Amino acid sequence: MFIFGHLGITLGLFMLLEHRLPALKGRIDHTAVLFGSMLPDLIDKPIGRVIFSGTIDNGRIFAHTLLFFIVLSSAAFYIWKKKNDMRAISLCAASFCHLVEDNMWEAPATLFWPLMGWQFPSNPGPYNGILDYFQTLMTYAYTPALDYVFMSEVVGFMVLLFMGTRYLLQKYLSDANAGALKP
């Protein structure tokens, strides 16, 4: 999955949870959800594909592990208990959704790191630098085909488009109503 898939599908899932579970209404921080949905890639891609491209050469390393999720969950739970702040919980849950969306169970050596060894599997690609890496990703993610990545991107984009349109429409209507009430 790529940017729109992670952002849109995760945000849509959390909005659906808010709608179905009234106790969550207004308690989920959507900014934290958006950031958390991309957090594993924001950490791992620069480290594994850019900084250590000659040795690790994998964009799914530390932040794509259950150990990272456990550490993040512990910190989120601590913050929630101390400050009753749901932002960290929202971020943590969205980060876990990222692991699910990436089908990390298909890479158990990474998911269960370091229980299955200290080495991350190498995932070399035919990249000639960081620009070539991103160009290859963009081509793969946005070439129309009925594969998992492309369909995830389409669904995620549609969810973001729907949510954005809904937000702007509600804002416009509330501004119009507020203007109509003025003498």
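Which hand, left-handed or right-handed, does the crossing of α1 and α2 have? The close-up views below come from a predicted model.

**View 1. Packing of helix α1 against helix α2.** The crossing of these two helices, α1 and α2, is right-handed. Helix α1 covers residues 3-20 and helix α2 covers residues 30-51. Their axes lie 9 Å apart and the packing angle is about 140°, which makes α1 oblique to α2. On the α1 side the contact is formed by Ile-3, His-6, Leu-7, Thr-10, Leu-11, Phe-14, Met-15 and Glu-18. On the α2 side the contributors are His-30, Val-33, Leu-34, Ser-37, Met-38 and Asp-41. By class, the contact of α1 with α2 consists of eight nonpolar, four polar and two charged residues.

**View 2. Packing of α2 against α4.** Here the axes of α2 and α4 are 7 Å apart and the angle is about 45°, so α2 is oblique to α4. The crossing of α2 and α4 is right-handed. From α2, the residues that meet α4 are Ala-32, Val-33, Phe-35, Gly-36, Ser-37, Met-38, Leu-39, Pro-40 and Asp-41. Their partners in α4 are Arg-87, Ser-90, Leu-91, Ala-94, Ser-95 and His-98. The contact of α2 with α4 divides into eight nonpolar, five polar and two charged residues.

**View 3. The second largest pocket.** The volume of the second largest pocket is about 430 Å³. Its lining comprises 17 residues. Nearest the centre of the pocket lie Met-15, Glu-18, His-30, Met-163 and Arg-166. Helices α1, α2 and α7 (148-181) each supply at least two residues of this lining. Sorted by class, the lining has seven nonpolar, seven polar and three charged residues. Met-15, Glu-18 and His-30 also belong to the contact of α1 with α2 shown in View 1.

**View 4. The cis peptide bond at Pro-114.** Most peptide bonds are trans. The bond from Trp-113 to Pro-114, however, is cis, with omega near 5°. Pro-114 is located in the loop between α5 (108-111) and α6 (130-142).

**View 5. Backbone of Asn-84.** Most residues other than glycine have a negative phi. Asn-84 is not a glycine, yet its phi is positive, at about 50°. The loop that holds Asn-84 runs between α3 (66-83) and α4 (87-101).

Note on methods
Residues numbered from 1 in each chain as written. Predicted model: local features only at pLDDT ≥ 70, side-chain atom pairs only at ≥ 80, totals over all residues. Heavy atoms only, no water. Axes fitted to C-alpha atoms, helices over the stretch in contact; angles between N-to-C directions. Helix = DSSP H or I, 4+ residues; strand = E, 2+ residues; numbered from the N terminus. Parallel < 35°, antiparallel > 145°, perpendicular 65-115°, else oblique. Left-handed = near helix turned anticlockwise from the far one by under 90°. Contact = heavy atoms within 4.5 Å. Nonpolar A, V, L, I, M, F, W, Y, C, P; charged D, E, K, R; others polar. 1 Å grid on protein atoms, 1.4 Å probe; cavity = no way out; pocket = protein on both sides within 12 Å on 5 of 7 lines; lining within 4 Å. Points joined across faces, edges and corners; volume = space filled by probe spheres on them.
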